Amino acid sequence: MSLTVLFEDTGMIIRTKAYPRAGLVGNPSDGYFGKTISFAFSNFRAEVILYETPELEILGSEKDRSCFASIQGLVSDVRLHGYYGGIRLLKATVKRFFDYCQENLIDLHDKNFTIRYHSDIPHGVGLAGSSAIITACLRALMAYYGVSIPKYVQANLVLAAEAQELHIPAGLQDRVIQAYEGLVYMDFAKEIMQKQGYGNYEPMDPRLLPKLYVAYMDDLSEPTEKFHNDIRHRFNQGEAKVVNAMRFWAHLTDKVQKCLRAGQLGEIPELLNANFDKRREIYKISEGNLRMVEAARSVGASAKFTGSGGAIVGTYADERMFNALRRTLQKLKVQVIKPKIVPGVGNTKL
């Protein structure tokens, strides 16, 4: 469950969770009027705890430390978490939630609260850890104030907290799958986005999926590719190579969806590989990310990024291949897991 409400002697305690996601196919077209299929998995989680207190207080977590054993410790922390931790994510979410309620004439009670968070989602490897914290925070606020918000609006609010409040470059894919959970096909076509302000989101049955793995870097000294490219500018300028790549990924997404529905799982590995190969044509891929993909493919598995780099997702044929995959990637300080897909909202178009 993503929401737990406990009643103790001190009062009501709300616990909410949100999970990492992997872009199965289509990414990075979610911010470019494309299509994508993503899934949420529960091997890791971001958790928020909220309870009533006399004053409103936001407590820090391991990402918000200000005391270190040495100068080297401070530098290592900055490299891992940046100069700002998770408190800013909670602040931005509270503000955006309040603004939403005011704009929609929703009255909020005047009781204060203390809120804190914890996350074990690997940081900086393209698994959407920041948006998971915001999603969990939004769920806690909704529960505390008794406010119901449609899932597609929740995704927009999470995006607004990051992009508008904190100026973090972000697209809708991560926030949609973390709001809906499970496995979701998303269509962000320009005419759809302009008409309704969000995409068409179609939950699918996760049991349709082939055998999947997720692998992520242990060594975060290897930067993700997003810092080395200017795809947004090139897309906005109408560069044919970039625009055509976005169309290619959208078409690829439709192909994978059809294969999943028809049970044609044997065709999916080639499609996932094609997703990454096209990305390689227009992005400058860092050496560490490239080695990770090539190592996975060397044992017969398919491989593509889950997001912006640092983690990959793909298919494997059997346990023998999975064990070979794990051994090969561990040599590169890359951890391999079998994702536990989070149950979604059902196979209904929402």
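Student: At what angle do helix α9 and helix α10 pack, and how far apart are their axes?

Tutor: The model is a predicted one. Two packed helices are described by the angle between their axes and the distance between the axes. For α9 (residues 268-282) and α10 (residues 287-298), the angle is about 150° and the axes are 13 Å apart.

Student: Which residues make the contact of α9 with α10?

Tutor: α9 passes α10 in a left-handed crossing. On the α9 side the contact is made by Asn273, Phe276, Asp277 and Arg280. By class, the contact has three nonpolar, one polar and four charged residues. The α10 side consists of Leu290, Val293, Glu294 and Arg297.

Student: Are α8 and α9 roughly parallel or antiparallel to each other?

Tutor: The axes of α8 and α9 come within 10 Å and cross at roughly 170°. Angles over 145 degrees count as roughly antiparallel. The relation of α8 to α9 is therefore roughly antiparallel.

Student: How do the residues of the contact of α8 with α9 divide by class?

Tutor: From α8, the contributors include Phe248, Trp249, Leu252 and Val256. From α9, they include Ile268, Leu271, Lys278 and Arg279. The residues of this contact divide into eleven nonpolar, one polar and five charged.

Student: Which residue of β9 is the bridge partner of Asp187?

Tutor: β8 is joined to β9 (residues 200-204) by five bridges, and the two strands run antiparallel. Within this pairing, Met186 has Tyr201 as its bridge partner. The partner of Asp187 is Asn200.

Student: Which residue of β8 stands opposite Ser38?

Tutor: Strand β4 (residues 35-40) pairs with β8 in the antiparallel sense over five bridges. Opposite Ser38 stands Val184.

Student: Why is strand β8 largely enclosed by the rest of the structure?

Tutor: In a regular strand the side chains alternate between the two faces of the sheet. In β8, Leu183, Tyr185 and Asp187 are buried on one side, and Val184 and Met186 are buried on the other. β8 (residues 183-187) is largely enclosed because the number of its residues that are buried is five of the five.

Student: In what order do the strands of the sheet containing β11 stand?

Tutor: This open sheet is formed by four strands, and the pairing is antiparallel. β11 (304-305) and β13 (334-337) each have a single partner strand, so these two stand at the edges. The order is β11-β12-β10-β13.

Student: Which strands does helix α11 touch as it packs on the sheet?

Tutor: Strand β11 pairs with β12 (residues 311-315) over two bridges, and Lys304 has Val313 of β12 as its bridge partner. Helix α11 (residues 319-330) packs on this sheet, its direction making about 160° with that of β13. The strands touched by α11 are β10 (212-217), β12 and β13.

Technical notes. Residues are numbered from 1 along each chain as its sequence is written. This is a predicted model: local features need pLDDT of at least 70, side-chain atom pairs count only at pLDDT 80 or more; totals for chains, interfaces and linings use all residues. Side-chain values use heavy atoms; hydrogens and water are left out. Buried means under 20% relative accessible area, exposed over 50%, partly exposed in between (1.4 Å probe, protein chains only). Two strands pair if DSSP finds at least two bridges between them. Axes are lines fitted to C-alpha atoms, for helices over the stretch in contact, and angles run from 0 to 180 degrees between N-to-C directions. A crossing is left-handed if the near helix is turned anticlockwise from the far one by less than a right angle, and right-handed if clockwise. Contact means heavy atoms within 4.5 Å. Ala, Val, Leu, Ile, Met, Phe, Trp, Tyr, Cys and Pro count as nonpolar, Asp, Glu, Lys and Arg as charged, and the others, Gly among them, as polar. Angles under 35 degrees count as roughly parallel, over 145 as roughly antiparallel, 65 to 115 as roughly perpendicular and the rest as oblique.
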